[in-house]
2 protein chains.
Amino acid sequence: MALIVQKYGGTSVGSAERIKNVARRVAKWHEAGHQVVVVVSAMSGETNRLIALAKEIQPQPDPRELDVVASTGEQVTIGLLSMALQALGHKARSYTGAQIAVHTDSAFTKARIESIDADKLKADLAQGIIPVVAGFQGVDAQGNITTLGRGGSDTSGVALAAALQADECQIYTDVDGVYTTDPRIVPEARRLDTITFEEMLEMASLGSKVLQIRSVEFAGKYKVRLRVLSSLTPWDLPLEQESRSGTLITFEEDENMEQAVVSGIAFARDEAKIIVVGVPDRPGIAYQILSAVGEANIEVDMILQNQSVAGFTDFTFTVGRGDYARALDILKSSVQAHIGAKEILGDPKVCKVSIVGMGMRSHAGVASKMFRTLSEEGINIQMISTSEIKVSVVIEEKYMELAVRSLHKAFDLEQSA
Amino acid sequence: MALIVQKYGGTSVGSAERIKNVARRVAKWHEAGHQVVVVVSAMSGETNRLIALAKEIQPQPDPRELDVVASTGEQVTIGLLSMALQALGHKARSYTGAQIAVHTDSAFTKARIESIDADKLKADLAQGIIPVVAGFQGVDAQGNITTLGRGGSDTSGVALAAALQADECQIYTDVDGVYTTDPRIVPEARRLDTITFEEMLEMASLGSKVLQIRSVEFAGKYKVRLRVLSSLTPWDLPLEQESRSGTLITFEEDENMEQAVVSGIAFARDEAKIIVVGVPDRPGIAYQILSAVGEANIEVDMILQNQSVAGFTDFTFTVGRGDYARALDILKSSVQAHIGAKEILGDPKVCKVSIVGMGMRSHAGVASKMFRTLSEEGINIQMISTSEIKVSVVIEEKYMELAVRSLHKAFDLEQSA
């Protein structure tokens, strides 16, 4: 008998019929003798509807009140799913974030979980009750309702699994796991049976949006065994099969398994590159450039600065394409003269491609194999950035698909025949 | 400076635009120097939508879970109204029933308020904040969300006014007060400036559905000054005028005011009458008849039993017309033989007309004036029932409008010219 936390997203609970199917799936696990705690999102579209209603009243609504309104979406789902489980003859009981309680800080609309009282859930489980908990929400020290921000239900699920010391946290979603790369670009992409947390973090932050990145960090911190699996399989899929499906995200390298050098290829479209040319190489320059951009709420991704030559250096960074024109304007109008840069150049049509893999740490030559592969395809590398388990390059956007496909092949990531 | 609790119903907050108008009205009172606590219902149609969703999952949903789902309607409104007040430059803060806390028993879907912590509200008021509280909902001793049943927001408003010892509880609704009778039947019906609680209770229970009857009982018990007024007047109606509009429900007879003998004419359509003829006059008979009907969840209204003659009596009662056939069937099939009644008769087409007034207690001849008026119109009285401040008669349904009009005239209730 295992203690399992299952999280179902908005699409999985998007209608009365789908909620009934989630109930059937949960019941299957419970009937097999497992203790199950369920975490749910709002029905798909509901959170957007509520936020639109709020903005109709006030274009920039007060965050505390926005959370009061937005948190009702999950509250509806917990009640409905509990009813559906009861209709199947199971004991079930719903809990809002405040009822559990999921304690958070007071950063409305983007609160962070601080602690969770697991006593009520444990008492319920001991009595054979299936607790159904509202994801995405919590309560601060003053009793105010808070929400965790978009995708926060994944974090709720992982945090509950940590508090309960659950055997596994299962995130049911509309994809069936984590792939070596996006199958829409590389049809031969392979689903990974396992991936390490470090790899998952790199993949998630690079655009493989299977899991909210905070939930992965949380799982890594509290050593929660995390599995991403599909809610689109038939609910009566044999348990033996379902329990091994999807992708397991592990927090330690499995010694018995041969570690792939590269686990996946991540990419990010719609990037733009800005180069501040001929900057005098003195302390504070990087800060002056980035603070001006940051104050305008523009997020900066990759940052590069080369060794200076003759007291001058070039400072390069990437931003989302939507922020390109604004960032360029800020630099030209209020930074360039101030820091004495010669020129501000840019390219709004670049992309980022990365190879990710734990095995990289112990294998030399991974980066050079990447560069050779791209070179053989005639793709020019504009920027390079590396971490322990990742190598990222910025290239012209039109080469993105070609780069991803050739790297996927070069590192032997295709499905075995 | 007065402390006022204002309650706005579902129609008043039925759209973003209407919520903004409620905010403007509340702001008007606040800007005039009053302390205001606002209680709101769910946006019109929302509670029905939520209950329908629940019944799609489970035709007879678990009451605890139904309350979790249904209570979200008011939670959305409190957030939206708080935002709208903030948009007007006022400090506002929303509270769910659990946050206040409105403590109730655990009778889900029909909970009763036991106590209210008014401390948070008082602290907010002292800081110039306008608290916006979710009506219809509370929290039980175990922290479960409860609801008070349909129309419960009126009760929430009155209970908060009692807890805060407010100067007045204002129930904004889509009628502009309590009338001497239904203006659709008697165009000359007059709005009452004041009505006593006792009269209001009789009027409410007799079909003048302006206020939920429990809220009136609550107001009477805690001596809350209660005013029913219209939310359909322009929001910028001068305060002086608005504060004297509608109908004030008083808990003590105003000594300075000449008490009208009869304050209003109430009526109930769609009644049916059942007569159990020739019942042996012995203890337990009334119980046996009514318990059989009650077990079938049929509500009985008026009950009459005459003095027995020669050991036999007739037992008469009224039920809603929709229950008539079923009630008759139950009596004939399982009660008649058992109690030895000679016959079960009935009439599915009757109605009830009542005159209500505190002045009746000290004025003789009110009932006889009623009977004479009906007699002059050729209306036969089938049943009579009286209380301290009310006389009710059951008559043939086709005479209802005629009876109401002639009584309204006979007791001088018309608008003064």
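## Contacts across the interface

In this predicted model, the side chains of A:Glu46 and B:Arg49 meet in a salt bridge, with an N to O distance of 3.7 Å. Across the interface of chain A and chain B the rule finds 2 salt bridges, and it also finds 12 residue pairs in polar contact, both residues of each pair being at pLDDT 80 or more.

On the side of chain A that touches chain B, at least two residues each are supplied by α1 (16-31), α2 (46-57), α3 (63-70), α4 (72-87) and β3 (92-95) of chain A. The largest share of this side, 11 residues, comes from α4(A), and by class the side comprises 20 nonpolar, 12 polar and 8 charged residues.

## Extent of the interface

Chain A contributes 40 residues to the contact, and chain B likewise contributes 40 residues. The area buried between chain A and chain B is about 3,200 Å², and carbon and sulfur atoms give 61% of that area.

## A helix pair in chain B

Within chain B, the axes of helix α7 (residues 152-164) and helix α9 (residues 213-222) come within 8 Å and cross at roughly 10°. Because angles under 35 degrees count as roughly parallel, α7(B) and α9(B) are therefore roughly parallel to each other.

The residues making this contact are B:Asp154, B:Thr155, B:Val158, B:Ala159 and B:Ala162 of α7(B), together with B:Arg214, B:Ser215, B:Phe218, B:Ala219 and B:Tyr222 of α9(B). Sorted by class, the contact of α7(B) with α9(B) has 6 nonpolar, 2 polar and 2 charged residues.

Technical notes
Residues are numbered from 1 along each chain as its sequence is written. Chains are lettered from A and ligands numbered from 1 in the order in which they are written. This is a predicted model: local features need pLDDT of at least 70, side-chain atom pairs count only at pLDDT 80 or more; totals for chains, interfaces and linings use all residues. Side-chain values use heavy atoms; hydrogens and water are left out. Axes are lines fitted to C-alpha atoms, for helices over the stretch in contact, and angles run from 0 to 180 degrees between N-to-C directions. Helices (H or I, at least four residues) and strands (E, at least two) are DSSP runs, numbered from the N terminus. Angles under 35 degrees count as roughly parallel, over 145 as roughly antiparallel, 65 to 115 as roughly perpendicular and the rest as oblique. Contact means heavy atoms within 4.5 Å. Ala, Val, Leu, Ile, Met, Phe, Trp, Tyr, Cys and Pro count as nonpolar, Asp, Glu, Lys and Arg as charged, and the others, Gly among them, as polar. Buried area is the accessible area (1.4 Å probe) that two parts lose on being put together, summed over both. A salt bridge is a side-chain nitrogen of Lys or Arg within 4 Å of a carboxyl oxygen of Asp or Glu. A polar contact is a pair of N or O atoms within 3.5 Å; within protein, one must be able to donate a hydrogen and the other to accept it, and residues adjacent in sequence count only if both atoms are side-chain atoms.
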